[in-house]
Amino acid sequence: MNDESLTTPETVPEALRYPLSSRPEVGQAIQVAPGVHWIRMPLPMALNHINLWALEDGEGWTLVDTGMQTSPIATAWEQLLAGPLAGKPVRRVLCTHMHPDHVGMAGWLTRRFDCPFWITRLEYVTCRMLVADTGREAPSDAVRFYKASGWKSADVEIYKARFGGFGKMVYALPDSYRRVSDGDQLLIGGRRWHAVIGRGHSPEHLCLHCPELRLFISGDQVLPRITSNVSVFPTEPEADPLKEWLDSLSSIRARVPDDVLVLPAHNDPFGGLHRRVEQLIQGHERSLERLRAMLLEPKTACDVFSVLFRRPVTGDMLQMATGESLAHLNCLIQRGQARRATDSAGVAWYQAT
Ligand SMILES: [Zn+2]
């Protein structure tokens, strides 16, 4: 489960502001606003860190996101609880969304402090579903899906062998949750935080806006230097997550003022929310134009990687590249700009209309 899209450009125009001069070391925290503390955890992948937020909440803490289930992160939590979090209890664990780097240690923390787990409903149930895939064999629907995208048999075999890896990155999920819905106002440490839901990167991603502090915890919904992964998965082959993603970005621009400090899950806190939202929307629109131009001749999902991604797609990236390629292709189909025909071998061919 990768947060970073293969469409991330090599360099991003530096139109954003990064007002903080240092980053917290592992096991440490930096206060970024009254009662709001920045925690950074290491991740064992190319995207090598995640930002978490500890909010002072009465006699304890509300934590926003938790890190992946790894032993370095468990060690870092022990350090934080004993040190920067001053031995005060965690009163609530809130997760922006269900990806393992965000939700991975939620069950560990909620059981340790016997505290509630707050998340949106679709993130909770989707996470339960993906965790339950661990130990199962790859379903034939998924095999058919990747073969239709143009995968070779050898790649399908690797997929089958690796199927179910999601659950290994997540500590046993809390068995119940407290639902957060779009527009809810959460009182944390005496301040109101507004729930702003986004879609496309994950099914019902929670962002939190505090007008009083002029802060916006954006999770993976708005990242300053990374384009978030937006993919189609075998469970819903006809999904159009790119439309949901673009609509969500527009909605955030309309609902959240530009003067906030954005606290993203990756990279550094930044100013320039509306400019960043515009860059992200324009980046996808340009990709869709290039893709449409390539579809004058019929192509498979794997044939179009070169117009969407700046990096060559090698083994480990194939699944994500396919998901992102399908997100752009399905979006063109939904806009009436492309059509799909499946040949006798079950391979899907896309062509501009
Ligand atoms: Zn994510």
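Predicted model: local features only at pLDDT ≥ 70, side-chain atom pairs only at ≥ 80, totals over all residues.

Me: Which residues coordinate the zinc ion, and at what distances?

Reply: Donors here are N, O and S atoms within 2.8 Å of the metal (3.2 Å for Na, K and Ca), and water is not among the atoms, so the site may look incomplete. In sequence the donor residues are spaced D-x93-H-x1-H-x101-H-x18-D. They are Asp-3 (OD), His-97 (NE2), His-99 (ND1), His-201 (NE2) and Asp-220 (OD), at 1.9 to 2.2 Å.

Me: How many residues apart are His-99 and His-201?

Reply: Helices (H or I, at least four residues) and strands (E, at least two) are DSSP runs, numbered from the N terminus. His-99 sits in the loop between strand 5 (90-94) and helix 2 (100-103), while His-201 is in the loop between strand 9 and strand 10 (205-210). The pair links distant parts of the chain, 102 residues apart.

Me: Which are the edge strands of the five-strand sheet?

Reply: Two strands pair if DSSP finds at least two bridges between them. The open sheet has the order 8-9-10-11-12, with mixed pairing. Each edge strand pairs on one side only, and these are strand 8 (185-188) and strand 12 (261-264).

Me: Which residue of strand 12 stands opposite Leu-215?

Reply: Strand 11 (residues 215-219) and strand 12 run parallel, joined by four bridges. Opposite Leu-215 stands Leu-261.

Me: Are helix 7 and helix 8 roughly parallel or antiparallel?

Reply: Axes are lines fitted to C-alpha atoms, for helices over the stretch in contact, with angles from 0 to 180 degrees between N-to-C directions. Those of helix 7 (residues 241-255) and helix 8 (residues 273-294) come within 9 Å and cross at roughly 155°. Angles over 145 degrees count as roughly antiparallel, under 35 as roughly parallel, 65 to 115 as roughly perpendicular and the rest as oblique. So helix 7 is, relative to helix 8, roughly antiparallel.

Me: Which residues of helix 6 meet helix 5?

Reply: The axes of helix 5 (residues 140-148) and helix 6 (residues 153-162) come within 10 Å and cross at roughly 145°. Contact means heavy atoms within 4.5 Å. Helix 5 brings Ala-142, Val-143, Tyr-146 and Lys-147, and helix 6 brings Val-156, Tyr-159 and Lys-160.

Key: Residues numbered from 1 in each chain as written. Heavy atoms only, no water.
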